[in-house]
Amino acid sequence: MATMQGGRHTRDGNRTDLVSALRAVLPAGAVIAEEEAMRPYECDGLSAYRQLPRVVVMPRTAEQVQAVLRLCHGRRVPVVARGAGTSLSGGALPHRNGVLLSLARFNRILDLDPFGRTAVVEPGVRNLAISEAAAAHGLYYAPDPSSQIACSIGGNVAENSGGVHCLKYGLTVHNVLRVRALTIDGEWLDIGSQALDAPGYDLLALMHGSEGMLAIIMEVTVRLLPIPTSAQVVLAAFASIEDAGNAVAGIIAAGILPAGLEMMDRLATRAAEDFVHAGYPTDAEAILICELDGVPAEVSAQLQRVREVLQAHRAMALRVAVDEAERRQLWAGRKAAFPAVGRLAPDYYCVDGTIPRHQLAHVLRRIADLSREYGLPVANVFHAGDGNLHPLIMYDANRPGELARAERFGGDILELSVRVGGTVTGEHGVGVEKLDQMCVQFGALELQHFHAVKRVFDSFGLLNPGKAVPTLARCVELGGMHVHGGELPHPDLPRF
Amino acid sequence: MNAVSQPPTGCSGAIAALQERIARAHAQGEPLRIVGGDTKAFYGRDAAGEAVFTGGLKGIAAYEPSELVITAMAGTPLEEIEAALAERGQMLAFEPPHYGAGATLGGTVACGFSGPRRPYAGSARDFVLGLRCLNGKGELLRFGGQVMKNVAGYDISRLMVGALGTLGVLVDVSLKVLPRPEAELTLAHEVTAAEAIDRMNRWAGQPLPLSAAAYDTGCLTVRLSGAAAALDAARAGIGGDVVADAGDHWSDLREHRSAFFQSDECLWRLSVPPTTPHLHFPGEWLLDWGGAQRWLKTTAAPEEVRAAARVAGGHATMFRHGDRGQEVFAPLPPPLLHVHHGLKAQFDPMRILNPGRMYAGL
C-alpha cells in the first residue's frame, strides 16, 4: 500500500483491500470495480441523483450474499441492495463508500403451487413474470406497478409498491405471505409463513416499504388470485376537475369498488392522446377511466350503476369499451401518460403525494397556482381510487437552476399533501428524494422511533444508510423552511 | 388542517391522563395491564399489572364514506363503529369477532382478530391505515395516516396490530372500510373433512365471489357475496343447499357461539396453509378461513399440537383455556425473538406495557 495522503488515498487504499476481500469470497465476474463497468449502477429511476459505489457485487447464491454481508459488517462497510433499479426515489442510489449489492441474478421462480395459490420467488424475479407463469393456471399476482415489465419483486417488497389496482386488490404488503431475508450480519430471518399469519409481531408488514434498510430480501412467497373472468372499462370526460372528483366520490358512495379508477387532467390527456391516439377527448378538463372486474353478472350490474353515476355528475362524454382491444386502447393512453408528458419537455419530475380524495380540486387549484409561481408547467395523473396524485413537473435540466426549482415545486406539493391530511409518498418511497418532506410529515418522536427500529436490525447503520428517514439534525436545520399551521415543527428541539 | 381529524371532545383529557399514568409507571417500573372492553382477557398469557382503562378514549373522530376511511378512538365500542358504517352501507371487511359485549376497536386491533371473511377480503392489519399510540414512556406517537397508499417511514401502525399492547397503548386507529355486498348467499354440502379441504381450495382458485368457507362436523358451508345476479351464477357452479338464517351461522362461528366452542377443553387455533390435508389428531376439529384456520379441541400435550402445525408449515396458538402461565403462542426462532426483544426495548424500555402477555420476558 502506498503512503496515505489525505482521505482520497485512504479511501482508495481501503477500496483495493475491500475489492480483494470480496473477490476472495465471490466467483470470477461477480465483483465489478472498474469505473466504466460500474456506470450503469450509479443511479436508479431517479436519474437526477448519481453516485458511483466503491464496488458492485453480483452474487449468485445465498451463501455468497451471506459472505458479502458478513465481510461488510465486519469492516463496517455500507451495503445498498439493488433489484432492477427502477426506484423513482433514489432507493437504490449507491453509497460512495459502500458495496452495491445487485440481486439481479436471483431471478428464478422456485415454486408455483396452483392449488395453494402461492408462488415462491427469488428477489430478482420481475413482477410481470410471476403473473405470466401463473396465467396457465388461471391465476395472477395482483399488484401491478407501472414498471411491472422491469421491476423485481424484492424491490416491490422494499418499496411496498402499488399500481393501478390497489383500491380493490391492495399493495404489495397485502399480497405477500412470507419473506426470507438476511440481516447485515448474515443471519436468516424467516418472516411470515405459508399460512395466513405468523406468531409474534407483524414483522412482515415492517419489512414492506423498509427500503432495504432493515434486511436483504432473499425470497418472497406471494399470494396468487384467480384471473377475473370479466373486465370492463368506461371512459368519461368532464368539463371541470370538480365534476370529475365528485363523480369519483359518487362511484364509491354507490357501493362500487372499481378495480381501477384513474383521472388525468387536460394537459396529461392531450399529451397521451397525441402520443398513442387512445381516442381520448382532448377538449375535456379531466377524464376518468373506470375499470370494473369480477364475474360477468357482477360487472354488468356495476357498469350500469357507474354509467348512471357518471351521467348524474355531468360527464360530457361516456365511452364503454366494446371489446378487449378497445379496453386495452383506453388503458394504453393512461399507461403511456408519463412518457407522453416526457415528449412535451426535455425533463419531467414525478411527484408522489397521496391526499384524501375530497381535497383533490383544492390541491389541483393550488398546484396550478404554484405552476405559475415557479414558471414550470405541470400535468396531473391521479390514481383517483386511492388518492395517489402524480403531478409531472416539466423542466429543462440544461437550464441552470431549473432542476432545483422543479424539486422545490415538488416539495411544496408534498407539503401541501401533508397539510390536507395526506402523505409525502404514496408508492414511490422516500429514498433520498423526500427526506426533507419527512421532516414535515413526522415529528421528532416518530423519527426517533424509526431510527430505533433501524438500530434493532442494523445497529451500525450499514444497510442503505442515509435513506428513507432523515436525521433529526437535518430536520432542525430545515426547520425555518417548514413552518405550517403557525407551529414550528419539533418545538422540543434546540434551534441553531 | 381541517382535514386531519380532531379527537372527540373529552378525549384530550383522557389522553393526557393516560400519558401521565404511563409516565408514572415508567418511572417506577410498575407493570400495567391495558383494558378496553375486557372481552379478550382470556387471550394471551396471564399477565400481572395494574389495570389501565381505555374507556375514556371514546368516539368516532372522522368518517367520510366516500373516502372509505373511518377514524375512531381506541376505546370506542366495535358495535358503535359497525352501526355507523352499516348506516352508510359500509362495513369492516375483516369481520372482526367481538367475543363479548363491549368489545372495543383498540382491543380488536391489539389482538389482530379477523373473522370468516379474512381469506377473501384481508385481515385486521390489512385494513389499518394509521394510528396514534402511547409508548412505554407515555409519549404520544402518530404513524401512518388516513389515506390508502402511504409508504412514508416504517409501517409501525401495522406492527402494532396483534402486538397485544406490548409495544404501545392504542389511542385511535384509522381503518379502510368497504361497501357492504348487495346480497349474500350461503350454501351447504355434506362431505368429509378431506373433501371439504379439497373443494374450498379448488373454489378459491376460481373467480367466484367467495366471502367465507368453513367445515363443522360433516358440513361444509360456503358464503357468496356480491350482486344478486352474480350469486345465482356462482350457485349454479358450486351447487349445494341454501342455508336459511345464514347470518346467524357465520356470526355464531365468528363469535365462538356455535356448539363446537361450548366446552372448557383447551381450544387451539392452528394457522396452516389452506391446502394442508386433514390432520388426524386426537380431538375435534372445526375448519374456517377456507382451511387456513383450524380450531382443535384436544387434551394432547402442547408440544404435540405445535409440532403438528409446524410440520404443516404453520403455527398453533393455545387460544382459550389451558395453562396460561406457560407459552400460549408458538415459540419464536432465536433470530426473530432477538428482534422482538429489540423492538420491545425501544418502544417500552421499562417493560411495563402488558409485560409477558405475548411471550414470557417480552
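This is a predicted model: local features need pLDDT of at least 70, side-chain atom pairs count only at pLDDT 80 or more; totals for chains, interfaces and linings use all residues.
**Figure 1. Chain A as a whole.**
Chain A holds 17 helices and 19 strands. Its radius of gyration is 24 Å, close to the 23 Å that the globule rule gives for 496 residues, so chain A is as compact as a globular protein of that length. The C-alpha trace of chain A spans about 75 × 60 × 45 Å along its principal axes. Of its 496 residues, 62% count as buried. Among contacts in chain A with a separation of 6 or more, 70% join residues 24 or more positions apart.

**Figure 2. The surface and charges of chain A.**
Chain A carries 46 positive and 54 negative charges.

**Figure 3. Chain B as a whole.**
Chain B has 11 helices and 17 strands. A compact globule of 362 residues would have a radius of gyration near 21 Å, and chain B agrees, with 21 Å. Along the principal axes, the C-alpha trace of chain B spans about 60 × 50 × 35 Å. Buried residues make up 62% of the 362 in chain B. Of the contacts in chain B with a separation of 6 or more, 68% are between residues 24 or more positions apart.

**Figure 4. The surface and charges of chain B.**
Chain B exposes about 12,600 Å². Carbon and sulfur atoms supply 51% of this area. The chain has 33 positive and 37 negative side chains. The centres of the two sets lie 6 Å apart.

**Figure 5. The largest nonpolar core.**
This core has 196 residues. Leu288(A), Leu310(A), Leu270(B) and Leu343(B) have the most contacts inside it. Helix H13 of chain A, residues 360-374, gives the largest share of this core, 7 residues. A second, separate core has 28 residues. Val65(A), Val68(A), Val77(A) and Leu463(A) are among them. In soluble globular proteins, nonpolar side chains tend to be buried together.

**Figure 6. The surroundings of Leu288(A).**
Neighbours within four places in sequence are left aside here. Leu288(A) is in contact with residues including Val234(A), Leu235(A), Ala236(A) and Phe238(A). Its contacts also include Ala244(A), Ala247(A), Val248(A) and Leu261(A). Glu262(A), Met263(A), Leu310(A) and Ala384(A) touch Leu288(A) too.

**Figure 7. Helix H9 of chain A and its cover.**
Helix H9 runs over residues 266-276 of chain A. Its buried residues are Ala268(A), Thr269(A), Ala271(A), Ala272(A) and Glu273(A). What covers them includes strands E13 (260-265), E14 (286-294) and E18 (378-383) of chain A. Helices H11 (324-335) and H12 (337-342) of chain A are also part of this cover. His277(A) follows H9(A) and has a positive phi, near 50°.

**Figure 8. Ser174(B) in its strand.**
Ser174(B) is found in strand E8 of chain B, residues 169-176. Ser174(B) counts as buried because its relative accessible area is 5%, under the 20% cut-off. Residues up to four places away in sequence aside, Ser174(B) touches Val69(B), Ile70(B), Thr71(B), Phe127(B), Val128(B), Leu129(B), Gly130(B), Gly145(B) and Gln146(B). Tyr63(B) is 111 residues from Ser174(B) in sequence. In space, the two lie 9.4 Å apart, C-alpha to C-alpha.

Terms used: Residues are numbered from 1 along each chain as its sequence is written. Chains are lettered from A and ligands numbered from 1 in the order in which they are written. Side-chain values use heavy atoms; hydrogens and water are left out. A nonpolar core is a set of buried Ala, Val, Leu, Ile, Met, Phe, Trp, Tyr and Cys residues joined through side-chain atoms within 4.5 Å. Buried means under 20% relative accessible area, exposed over 50%, partly exposed in between (1.4 Å probe, protein chains only). Helices (H or I, at least four residues) and strands (E, at least two) are DSSP runs, numbered from the N terminus. Contact means heavy atoms within 4.5 Å. The radius of gyration is taken over C-alpha atoms; the globule rule is 2.2 Å times the number of residues to the power 0.38. Accessible areas come from the Shrake-Rupley method with a 1.4 Å probe; for residues, only the protein chains shown count as cover. Lys and Arg count as positive and Asp and Glu as negative; His and the chain ends are not counted. The place of a charge is taken as NZ of Lys, CZ of Arg, CG of Asp or CD of Glu.
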